[in-house]
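Here is a short report on one protein chain. Please look over the sequence and the fold before reading on.

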Amino acid sequence: MSELVEIVDSLENKVSKLLHRLELLQQANLKLKNELETAHKEKTQEQHTASEWEEKYNSLKMANSMLGSNKNKTEAKLKINTLIRELDVCIARLAD
């Protein structure tokens, strides 16, 4: 009979340890999920910042080409032609 009591006590102890381990793993999982969410937000913010800087860079490049820089004159002319075509399309739509 005492052997049965020892087995039951052992099982209770093991179940208790497993429940404690489960709780620790759930807490660790929650912490990792929060870290992942934070990392995703940071990545999105950095991508947004990078696109803003790229836009600023392109604007500066265009401004330099318009100021007489020979380096990007062709690119500036193409961009201006594209803008003019877009304006023509808008004007045509307004005229309809």
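## K79 and helix α2

K79 counts as partly exposed, at 42% relative accessibility. The classes are buried (under 20% relative accessible area), exposed (over 50%) and partly exposed (in between), with a 1.4 Å probe and protein chains only. K79 sits in helix α2, which covers residues 73-95. K79 and M62 are 17 residues apart along the chain, and their C-alpha atoms are separated by 8.5 Å.

This is a predicted model, in which local features need pLDDT of at least 70, side-chain atom pairs count only at pLDDT 80 or more, and totals for chains, interfaces and linings use all residues. Residues are numbered from 1 along each chain as its sequence is written, and side-chain values use heavy atoms, with hydrogens and water left out.

## Overall shape

The protein chain has 2 helices and 0 strands. Helices (H or I, at least four residues) and strands (E, at least two) are DSSP runs, numbered from the N terminus. Along the principal axes, the C-alpha atoms fill a box of roughly 100 × 40 × 15 Å.

The radius of gyration of the protein chain is 33 Å, whereas a compact globule of 96 residues would have a value near 12 Å. That radius is taken over C-alpha atoms, and the globule rule is 2.2 Å times the number of residues to the power 0.38. Buried residues make up 4% of the 96 residues. The protein chain exposes about 9100 Å², and carbon and sulfur atoms supply 60% of that area. Accessible areas come from the Shrake-Rupley method with a 1.4 Å probe; for residues, only the protein chains shown count as cover.

## Along helix α1

Helix α1 spans residues 2-66, and E3 belongs to it. L32 lies in helix α1 too. L32 is exposed, with a relative accessible area of 53%. From L32 to K17 the C-alpha distance is 22 Å, for 15 residues of sequence.

## The salt bridge

How many salt bridges does the structure hold? The count is 1. A salt bridge here is a side-chain nitrogen of Lys or Arg within 4 Å of a carboxyl oxygen of Asp or Glu. E37 pairs with K41, and their closest N and O atoms are 3.4 Å apart.

The two residues are 4 apart in helix α1, so about one helical turn separates E37 and K41. E37 is partly exposed, at 43% relative accessible area. K41 is exposed, at 55%.

## Surface patches and charge

E3, E6, D9 and E12 gather in a patch of negative charge on the surface. E3 counts as exposed, at 58% relative accessibility. M1, L4 and V8 make a nonpolar surface patch of about 350 Å². L4 lies in helix α1. Patches take residues with over 30% relative accessible area and no salt bridge; like charges are joined within 9 Å, and nonpolar side chains (Val, Leu, Ile, Met, Phe, Trp, Tyr) within 5 Å.

The protein chain carries 15 positive and 16 negative charges, with mean positions 12 Å apart. Lys and Arg count as positive and Asp and Glu as negative; His and the chain ends are not counted. Each charge is placed at NZ of Lys, CZ of Arg, CG of Asp or CD of Glu.
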